[in-house]
Structure formats: C-alpha cells, structure tokens
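Take a look at the sequence and the fold below. Then follow the text one step at a time.

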Amino acid sequence: MKRVFFSLAVGAVLLAAAVGAAAADRFSWRGATVYFLITDRFANGDKSNDVNYGRKVDYGSEQMNAATFHGGDLKGLLQKAREGYFTQMGVDVVWMTDVYEQLHGWIAGSGEINDFPHYGYHGYYPLDYTQMDKNYGTIEEMRQLVNTLHAQGIRVMLGANLNDPGCPTYLDAVQYGFADAFGMDEKQAVEHRRDLDYYKWYGGCAQWNDWWTRDWIRMADEGWDQTDPLTMSLYALPDVKTEKTESVKIPAFLKRKWKREGKSNDAWVNPSARALRNDHDWAPSDYMVAWIASWVEEFGIDGFRCDIVEYSHMNRWRQLYDACNVALDKWRKAHPEDPAAVWTDKIYLTGDFDYASIDYKKDYAEAGFQSMVNFYFPKHGDLDNIVYTWQQYADSVAAHTDWHPFSYLNNSYNRETDMTNIIDCATTLLLTPGVAQVFYGDETRRGLSDARFNVDSDQAFRSDMNWNSIDEKVLDHFRRLGTIRKQHPAIATGRQATIDVHTCARIADETVILRVKPNPERGINVKGYFNDGDEVTELYTGAKTVVKNGKASFAEYKNNIAVIAKQKK
C-alpha cells in the first residue's frame, strides 16, 4: 500500500483545470462527486429561446411564476462549464434535468387548489422523447455541452422515467386536437385560470382516444388496485402499462405533431431517434426504452437517475440498462477521437425508491442499478456523530462491488438541510464515502423563492441560481473540499478505521486522516497510520508538520476540519 500525497496549493488557483480529462483515468462511480442542477434555473445563456410553443412565462409575481420556465438553457450551462465552474469544485458528474420536449401548457399547481400554473420546466413532464425542448437549446448545443464536459473528464447524467408521460394540458389539447378544452382557442388555453376545473377535465381523458390511449396507459378511473405500485396512477399521473407485451402503435397525436413540424424542427430532433418515430412491433415500454437510449447513442450520455423506480416492472429497468449499454458502446466506437471514447465504465443507473437508505437492493443491482438515492444522509452538519455515519457508509462501499451509497443534502423536492450551518453540512457530505451529490446553489447558499408561500412550497427549492449573491466563503469551502476529494480517492472509496469520535482514517492506495472539530492545542492522533518523523500535510490549509509521538500538530485550522496525508517525497 502506497502512502502518497500530491501537494495542494490553496487559494483560487488550487481549483484549476488540473482535474480535467486526464483525471478521468481514476474515476469511479463508487466515489463520484455529482452536481445536480435544474437546467431551466441554472444559467440563461440565450434569452432568445426563453419563450416557445405559445407558453406564457410571466404571470406577474414570483409566486405565480413558481413553476413557469425561467430561461435557463444549455448555452448558459456551457458557459459555466467553460469557465471551469464544475472542475473547480472537483465535480465528476453533471446531472442535468431532462432535456426532452416538455408539455407546452400548464397543469394545476398545488393539485385541485390550482393556485399557480405548473409547467414542465423541470423536465419531468415529457411530451416528445425524440426531440429537445426549444427552451433548453438545440441538438448541436447539447452536443457541444456534453463534448465539453467529457473533455473535462466529467460524466453526464440525464433522467429516465418509464412510468408515465406528462399529463394533458389545455394548450396541448388545442394545438394537437386530442380533446376539447372548454371550447378555448390557443390564445385562451395558454392563460392560467383558477375557475376552470382542470382535474374534472383531466379525468375525462377516458374518452381521449387521440391522446396516449388506453393501449399505452391506465388512468385512475379504471378501478384497479391502488395499493400496488406497479398498477396504480401515482399522483393521478397517467400510468404506462410497463407489464404489457402486446404491440401498440405510436399515438396519433404524436404522428400528427411530427408531420406538421416537418423539417422546421430539424435543429431540435435527435438524429438517433428519427427511425424511432415509426410504428414497430413493440409494447409501450419498448418505445420508451428505445427513445431514452437514443440520447445515449447520439451524445454518449453516461448515466441516468431513474424516477420512482418501484412503479415500473423490474424487467423494464434491466431492458433500459442493456439498451443503454449497447447505445453507449455504439457511440464510443463512432467517436474514437472523443476523450470519452476510451472510458470503459458501463451506463450508470441510480434511482428514487421511496425513502431508500444505503441498504443493498439485490433485485435492483441485478437490473443494472448501482445505487438508490439515499434519503437519510444527516442534514444538519452534526460533527459529533458524523464519523460513525461515515463508518457505516464506508462499510457499505466495502461490502458490495456493485452497490454504494448515493447521498445528498438537498434536491429538487427535499430541503431539510440547516442552511445556516451549510459549511459543516458540506464537510459531512464531501468527506462521506460513496457518491456525494451537490444540489445547485448549495455551494452558493442559494435562498428560497417566494414560491414558499404557495401551498406547494416545494417549488421554492427550485429558485434561480443566485449568481449575483454568491456566498464566497461557502463556495470556497465546497471548492476546497471537492478538490481534495477529487485528488484523494481514498476519501470516497477507501476502507475506514474509526480512531475516535472526531477522527478516522481512510485507507486505499494512500492513507488519509480525517478530523472534524480539531483543536490547535492538541495534536491529532495518527499513530499506526503515519510514523514518527513522517512529514504530513493538512490538505485544507496546505500547512505541513512532522509526526511526533504519534501525533500531527498544526498551529491553526479552518472551518472545523483537518484532512491529513503523508507528504510525497
């Protein structure tokens, strides 16, 4: 076992692009740092694409605009990538919300209360899996972004949902003629109105033989067992019949849509999906798997976060995994000049399983998943107990080569983190074994929007990125720890030995000592891991010392953390 250390300069320059494509050789999904962002809320690089499909984006207040499109796009993301925003944080994976074309209109925000218009800005309401939503950008802009991230050694994740397409909306019904929308024309259908009973109208879709049809989906009026996740309409969403094996035809409204668009939409159509716009001898899930895999074939997408996984049949997830691996291999062979073409890792699948922890799920592992998003990572920056949590997670990483924790502080529907203590929270996350997922704006102390006053206050978690009010101290902390984590893989994937309540060792090809709440007046116990006379470095500050009497002592620490490695000779 080597005990090595690559010296870490501190300050802004410590975060430079030395963690680019060459570093990808040491990449492991088991210890990745994932940056999860909502594309529409991250950065607006092209204001000319802010309004499309007849959508309305401004209803006069932040509360009413809680779930409209806000303008974030691929150009904005690309600009931040070129500036080194992700490499400076040691990010291994950018997980961006789905770019597929979304519903054009709105559904009722806060359910039957309908206190605001809810659009598919978050990518969870797909209308057409075969092309980009124009609010996000073009196919070539997507290609440019993925290629840039790949060149920096960064993998790219999208979302995959096999369970439901988006809901119907008044605007889509008028535009594609699959239902009457209270006699409204297109101009009227785009406006949000509380007096219209959306759910009563929506429930009438049993008669909408021109929409996805009962060949594809089931709805809540069918009276099946609402306790079985595989045969229920979750949140009244249309439920794809993932168990069905009989062939179906592509819905007529999609065919009409594609015919009407003709070549005018070529800039947004995924070239690898063109042949998938024809009827095949396929069941509904076969089409959806093929449509999703086409994005891997076209761009070399590296992984997917799969939505509500327990609501789709297991064999369909395995089908998606296999199809995406075939597509990824095809992309790599077709792009030998791309730096990502030499990568050998399989497609990565993680998923949302209601209130999953770090427990091993054998059935899902056999279906191709390597993790489930961990709802139970501690979110209050408790430094007095985190070493024991880390021990559990490190033991989990060691126990399974095909499974690991995937932990977060915040995400798009959950914000329990004590943001007044985000420094210590970041310490607990970025030094945790397994995957560490940073939600956009955690590193800048992004605040909540006025959507917090709506009944559906979760929309406030998805506020616009606070580029004009960044907390530089918090950002610096995320960058320092992210870079240390990147340069020292033992932190994320090494075996842990707990030394005391605040101290542990992580051991792989090198040994790293982690200490929270260090005291300058008392040395840190490194006995058994470093020898007396060894020169070691505290990576967070760059300070050096020599081990004496089994302890490493430093004059000062910053932000309640010490990360110690042996100095490379």
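This is a predicted model: local features need pLDDT of at least 70, side-chain atom pairs count only at pLDDT 80 or more; totals for chains, interfaces and linings use all residues.

Start at strand β10, residues 303-306. G303 and R305 point one way. F304 and C306 point the other way. Are these residues buried or exposed? All are buried, each with under 20% relative accessible area.

Now look at the partners of β10. Strand β7 covers residues 155-160 and pairs with β10 in the parallel sense. Four bridges join β7 and β10. Find A160, and you will see C306 of β10 opposite. Strand β11, residues 348-351, also pairs with β10 in the parallel sense, again over four bridges. Here G303 stands opposite Y348 in β11.

How does the chain cross from β10 to β11? The path goes through helix α9, residues 314-334. This β-α-β crossover is right-handed.

Next comes the empty space. Rolling a probe the size of a water molecule over the atoms shows where such space is left. The largest pocket holds about 1100 Å³. It is lined by 36 residues. Which of them are closest to its centre? They are Y125, Y235, Y413, D458 and R462.

The lining also draws on named elements. β4 (107-108) and α6 (198-203) each supply at least two residues to the largest pocket. Helix α6 gives the most, with three residues. Sorted by class, the lining of this pocket has 19 nonpolar residues, eight polar ones and nine charged ones.

How values were computed. Residues are numbered from 1 along each chain as its sequence is written. Side-chain values use heavy atoms; hydrogens and water are left out. Buried means under 20% relative accessible area, exposed over 50%, partly exposed in between (1.4 Å probe, protein chains only). Two strands pair if DSSP finds at least two bridges between them. A crossover is right-handed if, with the strands pointing away from the viewer, the path from the first strand over the helix to the second runs clockwise. On a 1 Å grid over the protein atoms alone, a cavity is a set of points where a 1.4 Å probe fits but cannot get out, and a pocket is an open set with protein on both sides within 12 Å along at least five of seven lines; lining residues have an atom within 4 Å of a point. Grid points are joined across faces, edges and corners, and a volume is the space filled by probe spheres set on the points. Ala, Val, Leu, Ile, Met, Phe, Trp, Tyr, Cys and Pro count as nonpolar, Asp, Glu, Lys and Arg as charged, and the others, Gly among them, as polar.
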